[in-house]
Amino acid sequence: MNGTDKICVFCGKPPTSKNKEHVIPQWLMAHTNVMDNNVRLGFDKHTGVIREFVYKAFTFPACELCNSRFAELESIVKPILLKLLSESPLTNIDLHYLLDWFDKVRVGLWLGFYYLDKNIGNITPNFHIQTRITAHDRMLHIVKVENIGQELSFRGCDTLSFHFTPSCFSMTINNFCFYNISSPFLFARRIGFPYPSKSYLRKDGLADYSIEPAREQIVRPLLLKPFAFSGVGIYQPIFKSLLRKEYSAYCNNDYVKSNSLSFENGIGNIFIHSNGKVIAYPSDPALDWCPSSYYDRISMNPAISIDTLEQQLHLETLMPSTEKLPECDKNWWKDALCETRRYANGLIKTMKNNVKEGIS
Ligand SMILES: [Zn+2]
């Protein structure tokens, strides 16, 4: 895999009946009126030139069959996201599908930038959209933005950190900004589910875990690093990877069962963190997801980009240990993480300097 081989963003195989996937869906571009606008996608890591695309041309390879299969998710999520953007009540199931959609967009953007940067970190993607939807603990932090004008933008996808571990990005859609984070057992321990006491990175990029029994109680906050902007947190624990026989005893208890949307599929409830409380989100339509206060759009830039990068750097500190890897792989990760920090800190410094000098 050299970053120029064509693979389907959904299944990871060479695309059959080749098609193109808009990782940012066309209906959303139309809704935010950006279809013909230029979108800035960081810069070319090989030439240093700033990259700009017309939004509607931001497409990547996909199989025709995969594309039509995932169009179903788009048709489910479109009315949900439109309701959200008009500040209408949503159910826990609506939020479950919305989290699925953010998994799809996040992994789609990751593979998109993998192509754009011609696989700058020389990685082999070990998952694709199909295998990464509803796969691990996931959350949205929703921040309300002053309602002036339309916007569709995303942040944090052009970093080396995202290239190595696509766990966190942020996206602004009109008057809402969403931080999206997903990672194995991200908040399992603090939400009272079975959790790993130790995790070890494997050669294939996945990890082995030493699992501990559920503590059956919620500990706030669910994530230790606070966000720069206050808002409402939506959390969903996913324990699919513990459905295997050797782990089943850890999940088979009343706490996990009563806090699951689908216990047999390893899918936890939707929880909401708002006003200092973490509770199960209602199954009837509710406005609980909507933050009560908003931020001025101008004051959020570039703080939101800096915060996204800092969240990524924090997530790197939670990575599984490399101690069981062969020496050469340990050194590879050490160098990669050192480079991601250097790169992110350079970007953060540039953004802060631009603010000082009044450059947008
Ligand atoms: Zn495919």
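At what angle do helix α9 and helix α10 pack, and how far apart are their axes? To find out in this predicted model, select residues 303-317 for α9 and residues 327-357 for α10. The two helices pack at an angle of about 160 degrees, with their axes 10 Å apart. Since angles over 145 degrees count as roughly antiparallel, α9 is therefore roughly antiparallel to α10. The crossing of α9 past α10 is left-handed.

Next, display the side chains where these helices meet. From α9, select Ser-305, Ile-306, Leu-309, Gln-312, Leu-313 and Glu-316; their partners in α10 are Leu-337, Thr-340, Arg-341, Ala-344, Leu-347, Ile-348 and Met-351. By class, this contact of α9 with α10 comprises eight nonpolar, three polar and two charged residues.

Proceed to the largest nonpolar core, which has 73 residues. Select Val-9, Phe-10, Leu-95, Leu-109, Leu-140 and Ile-234, the residues with the most contacts inside this core. Among the elements that give it two or more residues are α2 (64-85), α3 (92-116) and β5 (138-145). The largest share, 13 residues, comes from α3.

Now centre the view on Leu-140. Leaving aside residues up to four places away in sequence, Leu-140 touches Leu-99, Phe-102, Phe-178, Tyr-179, Asn-180 and Ile-234.

Finally, select α2 and α3 together. Their axes come within 9 Å and cross at roughly 125 degrees, and the two helices are therefore oblique to each other. Here too, the crossing is left-handed. The contact includes Phe-70, Leu-73 and Ile-76 of α2, and Tyr-97, Leu-98 and Trp-101 of α3. By class, the contact of α2 with α3 has nine nonpolar, no polar and three charged residues.

How values were computed: Residues are numbered from 1 along each chain as its sequence is written. This is a predicted model: local features need pLDDT of at least 70, side-chain atom pairs count only at pLDDT 80 or more; totals for chains, interfaces and linings use all residues. Axes are lines fitted to C-alpha atoms, for helices over the stretch in contact, and angles run from 0 to 180 degrees between N-to-C directions. Helices (H or I, at least four residues) and strands (E, at least two) are DSSP runs, numbered from the N terminus. Angles under 35 degrees count as roughly parallel, over 145 as roughly antiparallel, 65 to 115 as roughly perpendicular and the rest as oblique. A crossing is left-handed if the near helix is turned anticlockwise from the far one by less than a right angle, and right-handed if clockwise. Two residues are in contact if their C-beta atoms, placed from the backbone, lie within 7 Å. Ala, Val, Leu, Ile, Met, Phe, Trp, Tyr, Cys and Pro count as nonpolar, Asp, Glu, Lys and Arg as charged, and the others, Gly among them, as polar. A nonpolar core is a set of buried Ala, Val, Leu, Ile, Met, Phe, Trp, Tyr and Cys residues joined through C-beta atoms within 7 Å. A residue is buried if 20 or more other C-beta atoms lie within 10 Å of its own, exposed if 12 or fewer, and partly exposed in between; C-beta atoms are placed from the backbone.
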